[in-house]
There are 2 protein chains.
Amino acid sequence: MERLPKKERHRRLARLIEDNPFITDRELTRLLKVSIQTIRLDRLELGIPELRERIKLMAERSFDAVRSLPLHEVIGEIVDLQLDRSGISIFEIRKEHVFSRTGIARGHHLFAQANSLAVAVINDEVALTATADIRFIRPVRLGEKCIAKAYVRSSGKRKARVEVATYVGEEMVFQGNFLIVRSAGAQQDGGGDRLADRD
Amino acid sequence: MERLPKKERHRRLARLIEDNPFITDRELTRLLKVSIQTIRLDRLELGIPELRERIKLMAERSFDAVRSLPLHEVIGEIVDLQLDRSGISIFEIRKEHVFSRTGIARGHHLFAQANSLAVAVINDEVALTATADIRFIRPVRLGEKCIAKAYVRSSGKRKARVEVATYVGEEMVFQGNFLIVRSAGAQQDGGGDRLADRD
DNA sequence: GCCCCTCTTAACACCAGGTACTAAAACCAG
DNA sequence: CTGGTTTTAGTACCTGGTGTTAAGAGGGGC
């Protein structure tokens, strides 16, 4: 068995761990034909954490993902609601809502809060978002409290235009115009709705 | 410190571990005021594996589910990506994405898929959504597979216009135009971004 | 009272999969 | 041959457990 140059071994090591993060150093010695100390020095040089740390990192990532996914029913806490007129909801940005790298909230959470509120403010059993026009005005960071205010600007029989502005303190961070449709049959917000702009 | 009945302690133990699987037996002793041996007997009775096994299980589950998407902070599975040109992602509507009453997907999930893809397709370390113009064309139902296709329509130094259309089969269900901004300093999609329409 | 029983705590040996450190051997180049 | 890197070996120690044995604590039954 000939020895590999160190660089090549590093490449292989990184590759092996990448596509099987559950491999132990001892198993790696068999595959790379070097001592366990060499494997460990290599990991050290490459900045690859030990098995348990690797596993833990994966688990934590998936835990966060599962936590943040639910995006269920109404996003944000509705603190005031005058049907067909206006509404206010509060949503606090937690760690499951931000990009871990930058601490900045992911856009769809702000959208979700605004969308949920726009739908809630319409006084109908079944209300669906048809179109939305949104602007992310400035990034929102971990820990900030987003206060979304919705006003119904025009309200027809089937369509309603709702304007939502989201603030952190005095500062507007998000703004959107939603076209909401009432009782278009059997659907409700979300997936969109029957009308969009063809009805 | 009064002792809890065993059954109650078991309930609490299970609960504690469920909503923080990363807790050690030693930490549990502090919370439940019993010895570490008792904690371990309890876990044995309840069939709750040790910390490392719990973590490993989570990691394995997520590894299977996630291994195809290296882009972890993306909603939907990216199956094709040509940076600065186009991208495709697939997202299956599960029960956690729909209104339980109607089985229709909530809008922000479709938005999240499209937004994630629009950001991913931009070849820049930090890309942020500035504005979006979206239409929900028809409701999407439980079990449907949404295929989002993104095309970069124009790509300047700082801004790029990305068009995303989402299909179920042949049918278009969602369409959006995103204005994405590159490297606006230290931020990233999500919360919106510096520019919106004032930069 | 005493015996029995469950529950709880203690103590000790052992394990995997490492880290951290020291030291010796192997290899290679100038 | 000598100096530097690279590799291997060995030891002590760590965490978060398992597995086992044993001893108390706190009843209830009769």
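1. **Salt bridges overall.** This is a predicted model. Across all its chains, a search of the whole structure finds 22 salt bridges. A few of them are worth a look one by one.

2. **A bridge between two helices of chain A.** Asp42(A) pairs with Arg9(A) in a salt bridge, and their closest N and O atoms are 2.6 Å apart. Asp42(A) sits in helix α3 of chain A and Arg9(A) in helix α1 of chain A, so the bridge ties together parts that are 33 residues apart in sequence. Are these two residues buried or exposed? Asp42(A) has a relative accessibility of 1%, so it counts as buried. Arg9(A) is buried too, at 10%. The cut-off for buried is under 20% relative accessible area.

3. Arg9(B) counts as buried, at 10% relative accessibility. Asp42(B) counts as buried at 1%.

4. **A network in chain A.** Some salt bridges share partners. In this way Glu8(A), Arg11(A) and Arg12(A) are joined into one network.

5. **A bridge within one helix.** In chain B, the side chains of Arg11(B) and Glu8(B) meet in a salt bridge, 3.0 Å from N to O. The two residues are three apart in helix α1 of chain B, so about one helical turn separates them. Arg11(B) counts as exposed, with 53% relative accessibility. Glu8(B) is partly exposed, at 23%.

6. **Around DNA strand C.** The largest share, three residues, comes from α3(B). By class, this surface has three nonpolar, four polar and seven charged residues.

7. **Contacts with DNA strand C.** Two side chains reach phosphate oxygens. A polar side-chain atom of Thr38(B) lies 2.4 Å from one, and a polar side-chain atom of Arg43(A) lies 3.0 Å from one. Arg52(A) contacts a base: a polar atom of its side chain is 2.7 Å from a base nitrogen.

8. **Around DNA strand D.** 14 residues surround DNA strand D, and the closest are Arg9(A), Ser35(A), Thr38(A), Leu51(B) and Arg52(B). Which element gives the most to the surface near DNA strand D? That is α3(A), with three residues. This surface divides into three nonpolar, four polar and seven charged residues.

9. **Contacts with DNA strand D.** Backbone atoms of chain B meet phosphate oxygens here. A polar backbone atom of Leu51(B) is 2.8 Å from one, and a polar backbone atom of Asp25(B) is 3.0 Å from one. In the side chain of Arg52(B), an N or O atom is 2.5 Å from a base oxygen. The elements that give two or more residues to this surface are α1 (6-19) and α3 of chain A, with α3 and α4 (51-66) of chain B.

Methods: Residues numbered from 1 in each chain as written. Chains lettered and ligands numbered in written order. Predicted model: local features only at pLDDT ≥ 70, side-chain atom pairs only at ≥ 80, totals over all residues. Heavy atoms only, no water. Polar contact = N/O pair within 3.5 Å; in protein donor to acceptor, adjacent residues only side chain to side chain. Helix = DSSP H or I, 4+ residues; strand = E, 2+ residues; numbered from the N terminus. Nonpolar A, V, L, I, M, F, W, Y, C, P; charged D, E, K, R; others polar. Near = heavy atom within 4 Å. Salt bridge = Lys/Arg side-chain N within 4 Å of Asp/Glu carboxyl O. Buried < 20%, exposed > 50% of the residue type's maximum accessible area, 1.4 Å probe, protein only.
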